[in-house]
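Welcome! Please take a moment with the sequence and the 3D view before reading on.

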Amino acid sequence: MNDTITFICDCCGKEHESWPAITYNAPSSYHNLSPQEKEEIAVIDEDFCVIKHSDDHIDRFARVILIQKVNDHCEDLEYGFWVSLSETSFNDYLENFDNENHETEYFGWLCNYIPQYEFSKSIPTTVVTQTGNNRPAIFPHKDFDHPFVKDFYNGITKEEAEKRIRAIL
């Protein structure tokens, strides 16, 4: 695969090529806006997105990571997703964004749709901030009945992970 990094694996001692993360540059709600709406009602950067709708409703999003277990490989698959947060959670995260010792959890909704899955509604997640100013990690709620949640907790195959990577490259 292209866009990989070669390394010696701590797990098996063999040389591997690192997989690129599957990343989304914006939440789906932002992608659904017209170019004019993006200009007039939305603000986005590498870590935050805010959409101010005309009905005084404001959507607030933060960029996060999710690590997908790959059962038959030493390396896991990383996703760069966006989640929506409540006003209180968003403001707390924003206020503590530069605090490398800030550790907490928030409730968030997954706001990207993965092509390998059908989505009729968003998946609830727990957003866990990490020390060292790393992006928060998310964990889908285990009791939410969705194939993506089942795959998160049961793992996927190396073949499936590589299929997903090829789809984004």
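Here is a short tour, from the whole chain down to single residues.

This is a predicted model, in which local features need pLDDT of at least 70 and side-chain atom pairs count only at pLDDT 80 or more, while totals for chains, interfaces and linings use all residues. Residues are numbered from 1 along each chain as its sequence is written, and side-chain values use heavy atoms, with hydrogens and water left out.

**The chain as a whole**
- The chain holds five helices and 10 strands; these are DSSP runs numbered from the N terminus, with helices being H or I of at least four residues and strands E of at least two.
- Of its 169 residues, 43% are buried, meaning under 20% relative accessible area with a 1.4 Å probe, protein chains only.
- Among contacts between residues at least 6 apart in sequence, 51% join residues at least 24 apart; contact means heavy atoms within 4.5 Å.

**The nonpolar core**
- In soluble globular proteins, nonpolar side chains tend to be buried together.
- The largest nonpolar core here has 40 residues, and L77, Y79, F81, I114, I138 and F148 touch the most other members. Such a core is a set of buried Ala, Val, Leu, Ile, Met, Phe, Trp, Tyr and Cys residues joined through side-chain atoms within 4.5 Å.
- Strand β7 gives the largest share of this core, six residues.
- Setting aside neighbours within four places in sequence, I114 is in contact with Y24, Y79, F81, F119 and F148.

**Helix α4**
- Helix α4 covers residues 147-154, and F148, V149 and F152 are buried in it.
- Seen down the axis of α4, these buried residues fall within an arc of 100°, so they line one face of the helix; the arc is taken from the directions from the helix axis to the C-beta atoms.
- They pack against β6 (58-68), β7 (77-85), β8 (105-110) and β10 (137-140).
- Just after α4, G155 takes a positive phi of about 90°.

**Serine and cysteines**
- S84, in strand β7, is buried with a relative accessible area of 18%.
- Not counting residues up to four places away in sequence, S84 touches R60, F61, F107, G108, W109 and C111.
- The whole structure has zero disulfides, a disulfide being a pair of cysteine sulfur atoms within 2.5 Å.
- The sulfur of C111 is 9.4 Å from the closest cysteine sulfur, in C49, too far for a bond.
- C49 is buried at 0% relative accessible area, and C111 is buried at 10%.

Technical notes:
Buried means under 20% relative accessible area, exposed over 50%, partly exposed in between (1.4 Å probe, protein chains only).
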